[in-house]
Amino acid sequence: MPAAVLSYFNTNYAQDTLVKAYKTHDSGYVVFSVDNGVFATTFNDRGTFISRMQLHDDKGKVAIVDQASLPDAIQSYLDATYPNFVFKQAFSFFVNGVVSGSAVCIEANGTKYAVLFDASGNFVQAFVIR
């Protein structure tokens, strides 16, 4: 990750915990972080801030989830809707120890998406990240 991206986070979102970063097809960056919610922050190829999107608000705890641990309903939806997608990152959200929803970040056809699901694994909404 470019020094400009790290500097931006240290200055503007010092409280964030950086989870993972990915280089985009146009050499920019998408950075996933957690602080009172889950965020996707995008930067161009020079490390200049573009946008920040909150994927989930803080109503409890957040856990990072690997692809093999996703519920079957989520995996089936992703397979049917985004054939040949590339898994990037997933988060589960918990309220009082019970899953309240999930966000799965994928890449399909050169576009990165955050796909949100409810507690039962039903599709809620998809966002283009970059």
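1. Helices, of at least four residues, and strands, of at least two, are DSSP runs numbered from the N terminus. On that basis N84 belongs to the loop between α2 (72-81) and β6. The model under discussion is a predicted one. Phi of N84 is near 65 degrees, a positive value although the residue is not glycine. Most residues other than glycine have a negative phi. N84 counts as exposed because its relative accessibility, 76%, is over 50%.

2. Two further residues have positive phi values. S27, which is not a glycine, has a phi near 70 degrees; S27 is located in the loop that runs between β1 (17-23) and β2 (29-34). With a relative accessible area of 33%, S27 is partly exposed. N96 has a positive phi near 50 degrees and belongs to the hairpin of β6 and β7, where two residues separate the strands.

3. With strand β5 (residues 61-65), β6 forms an antiparallel pairing over five bridges, and within it V62 has F93 as its bridge partner. The pairing of β6 with strand β7 (residues 98-108) is also antiparallel and runs over nine bridges. In that pairing, V95 is opposite V98 of β7.

4. Which residues are linked with E107 in a network of salt bridges? The network consists of K88, E107 and K112. The salt bridge between the side chains of E107 and K88 has an N to O distance of 3.8 Å. Since E107 lies in strand β7 and K88 in strand β6, this pair ties together parts that are 19 residues apart in sequence. The side chains of E107 and K112 are joined by a polar contact of 2.6 Å.

5. Is E107 buried or exposed? E107 is buried, because its relative accessible area of 18% is under 20%. K88 also counts as buried, at 18% relative accessibility. Leaving aside residues up to four places away in sequence, E107 touches F85, V86, K88 and K112.

6. The whole structure contains four salt bridges. One of them joins D16 and R52, whose closest N and O atoms are 2.9 Å apart. This pair links distant parts of the chain: D16 is in the loop between α1 and β1, while R52 is in strand β4 (residues 49-57), 36 residues apart. D16 counts as buried at 10% relative accessibility, whereas R52 is partly exposed with a relative accessible area of 22%.

7. D45 and R46 also form a salt bridge through their side chains, at 3.2 Å from N to O. D45 counts as partly exposed at 43% relative accessibility, and R46 is exposed, with a relative accessible area of 59%.

8. Where does A73 lie, and which residues does it touch beyond four places away in sequence? A73 is part of helix α2 and touches S120 and G121. A73 is partly exposed, having a relative accessible area of 37%.

9. Finally, M1, L6 and L18 make a nonpolar surface patch of about 240 Å². M1 is in the segment before α1 (3-12), and at 43% relative accessibility M1 counts as partly exposed.

How values were computed:
Residues are numbered from 1 along each chain as its sequence is written. This is a predicted model: local features need pLDDT of at least 70, side-chain atom pairs count only at pLDDT 80 or more; totals for chains, interfaces and linings use all residues. Side-chain values use heavy atoms; hydrogens and water are left out. Two strands pair if DSSP finds at least two bridges between them. Patches are made of residues with over 30% relative accessible area and no salt bridge: like charges are joined within 9 Å, nonpolar side chains (Val, Leu, Ile, Met, Phe, Trp, Tyr) within 5 Å. Accessible areas come from the Shrake-Rupley method with a 1.4 Å probe; for residues, only the protein chains shown count as cover. Buried means under 20% relative accessible area, exposed over 50%, partly exposed in between (1.4 Å probe, protein chains only). A polar contact is a pair of N or O atoms within 3.5 Å; within protein, one must be able to donate a hydrogen and the other to accept it, and residues adjacent in sequence count only if both atoms are side-chain atoms. Contact means heavy atoms within 4.5 Å.
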